[in-house]
Amino acid sequence: MSLTKVTPALTGEYKTVGALLASTEASRGVGAIWEAEGFRYSEVASGGDVTTAGSIQLDVLPTNGLFNVYQFGADAAAADNSATIEGAMLKAADAGVPLYL
C-alpha cells in the first residue's frame with residue numbers, strides 16, 4: 001500500500017489559519033469553501049473579512065454558532081491584535097453571532 005501526501009491545494013484544508021493567510025494559492029472561485037484548523041471561510045469577490053497572501057478575499061463563517069478571533073488571524077504571540085479583534089467584533093455584531101475571545 002502506498003501513502004500519498006495530501007496537500008492543501010488538493011484538499012482545500014490548511015493546518016493553521018496562519019498557513020491559510022500566508023497561502024498564495026489561486027482563486028477557487030466565488031463561493032468556494034476554504035478550511036483551516038476546523039474553521040471555514042467562503043471565497044468572495046471583494047470585501048472579505050481576511051485576505052490571503054495570494055490576494056484571495058475570504059469571509060469568515062461561524063463555527064458552532066460563534067466566531068473566534070483566531071479565525072480572523074489573531075495570533076497569541078503577536079504584540080498587538082487590536083485591529084484584528086476589532087474587525088472580528090464588528091463582524092460578530094453585524095451577524096448577531098457571539099465572538100469567542
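Visitor: Which residue in β5 is the bridge partner of R40?

Guide: In β5, the bridge partner of R40 is L61. Before going on: this is a predicted model, in which local features need pLDDT of at least 70 and side-chain atom pairs count only at pLDDT 80 or more, while totals for chains, interfaces and linings use all residues. Residues are numbered from 1 along each chain as its sequence is written, and side-chain values use heavy atoms, with hydrogens and water left out.

Visitor: What makes a stretch of chain a strand or a helix?

Guide: Both are DSSP runs, numbered from the N terminus: a helix is a run of H or I with at least four residues, a strand a run of E with at least two. Strand β3, for instance, covers residues 39-44, and S42 lies in it.

Visitor: How do you know that β3 pairs with strand β5?

Guide: Two strands pair if DSSP finds at least two bridges between them. β3 and β5 (residues 57-61) have 5 bridges, in the antiparallel sense. β3 also pairs with strand β2 (residues 33-36), again antiparallel, over 4 bridges. One of the residues bridged there is W34, whose partner in β3 is Y41.

Visitor: What is the order of the strands in the open sheet?

Guide: The sheet has 5 strands in the order β1-β2-β3-β5-β4, with mixed pairing.

Visitor: Why are β1 and β4 said to stand at the edges?

Guide: β1 (13-14) and β4 (50-51) each have a single partner strand, so one side of each is left without a neighbour in the sheet.

Visitor: Why is S42 called buried?

Guide: Buried means under 20% relative accessible area, exposed means over 50%, and partly exposed lies in between (1.4 Å probe, protein chains only). S42 has 16% relative accessibility, so S42 counts as buried. In β3 as a whole, 5 of the 6 residues are buried.

Visitor: Which residues is S42 in contact with, leaving aside its neighbours within four places in sequence?

Guide: Contact means heavy atoms within 4.5 Å. S42 is in contact with G31, A32, I33, Q57, L58, D59 and L61. Y41, counted in the same way, has contacts that include V17, L20, W34, V50 and Q71.

Visitor: What makes a set of residues a nonpolar core?

Guide: The members are buried Ala, Val, Leu, Ile, Met, Phe, Trp, Tyr and Cys residues, joined through side-chain atoms within 4.5 Å. The largest such core here has 19 residues, and L20, W34, A36, Y41, L58, V60 and F67 touch the most other members. At least two residues of this core come from each of α2 (17-22), β2, β3, β5 and α3 (82-95). In soluble globular proteins, nonpolar side chains tend to be buried together.

Visitor: How many aromatic pairs does the rule give?

Guide: The count comes to 2. Rings of Phe, Tyr and Trp (its six-membered ring) pair if their centres lie within 6.5 Å; planes under 30 degrees apart count as stacked, over 60 as edge-to-face and the rest as tilted. Y14 and W34 are 6.5 Å apart, centre to centre, with 10 degrees between the planes, and form a stacked pair. Y14 is in strand β1 and W34 in strand β2, 20 residues apart.

Visitor: Why is the pair of F67 and F72 called edge-to-face?

Guide: Their planes are at 70 degrees and their centres 5.8 Å apart, so the pair is edge-to-face. F67 counts as buried because its relative accessibility is 1%. F72 is buried too, with a relative accessible area of 9%.

Visitor: How do you know that the charge of R28 sits over the ring of W34?

Guide: The rule asks for NZ of Lys or CZ of Arg within 6 Å of the ring centre and within 35 degrees of the ring normal. The charged end of R28 is 3.7 Å from the centre of the W34 ring and sits over that ring.

Visitor: What is there to note about phi of E37?

Guide: Most residues other than glycine have a negative phi. Phi of E37 is near 55 degrees, a positive value. E37 lies in the loop between β2 and β3, a hairpin with 2 residues between the strands.
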